[in-house]
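I went through this one residue by residue and jotted down what I looked up. Have the sequence and the model open while reading.

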Amino acid sequence: MADKALSENEVPVGAIIVNSKNEIIGQGWNQPISNKDPTSHAEIMALRQAARVIDNYRILDATLYVTLEPCVMCAGAMVHARIKRLVFGATDPKRGAAGSVFNVVNSAHLNHRVEICSGVLADECSAQLKSFFQTRR
């Protein structure tokens, strides 16, 4: 999915959501530029698709995999959707909302917590992002 974003000249972030049977129910890649929509992050696109697939806005017993630590918007959407588990690659030291800058997905102020597994394929995810931004500068 991150490669799909890259092929469309978007920041290369990709996400998939799998249910408890390990079936992909949602997928997405960054599309804010092409969609002219600031909410078209990979996680949001995957959440939208998963909700349509299961015909429910609560996406229970699901794991969201994403190449970059979610931002505040995406982390908040995961809490609202009741995502069970988040697995991400690269951390985002400027905007991360799963522990780096904020910890929205595990805030004591909210009514749902998301399990986190970070650093999965972090070097590969980080390298793809760094390469993308180096070509832009």
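Predicted model: local features only at pLDDT ≥ 70, side-chain atom pairs only at ≥ 80, totals over all residues.

Numbering runs from 1 along each chain as its sequence is written, and side-chain values use heavy atoms, without hydrogens and water.

**The loop between β4 and β5**

I found Phe102 in the loop between β4 (85-90) and β5 (115-118); strands are DSSP runs of E, at least two residues, and helices runs of H or I, at least four, numbered from the N terminus. Phe102 is partly exposed at 45% relative accessible area (buried is under 20%, exposed over 50%, partly exposed in between, with a 1.4 Å probe and protein chains only).

Asp92 is in the loop between β4 and β5, and it counts as buried because its relative accessibility is 8%. I listed its contacts (heavy atoms within 4.5 Å): Leu68, Glu69, Ser100 and Val101, leaving out residues up to four places away in sequence.

His112 lies in the loop between β4 and β5 and is buried, at 15%. Its side chain reaches the backbone oxygen of Ile83 at 2.8 Å. A polar contact is a pair of N or O atoms within 3.5 Å; within protein, one must be able to donate a hydrogen and the other to accept it, and residues adjacent in sequence count only if both atoms are side-chain atoms. His112 and Val79 are 33 residues apart in sequence, yet 5.9 Å apart C-alpha to C-alpha.

**Asn30**

Buried or exposed, I wondered about Asn30? Asn30 is buried, with a relative accessible area of 9%. A polar atom of its side chain lies 3.4 Å from the backbone oxygen of Val11.

**Aromatic pair**

I found one aromatic pair. Phe132 and Phe133 sit edge-to-face, 5.1 Å centre to centre with 80° between the planes. Ring centres of Phe, Tyr and Trp (its six-membered ring) must lie within 6.5 Å; planes under 30 degrees apart are stacked, over 60 edge-to-face, the rest tilted. Phe132 is buried at 5%, whereas Phe133 is partly exposed at 31%.
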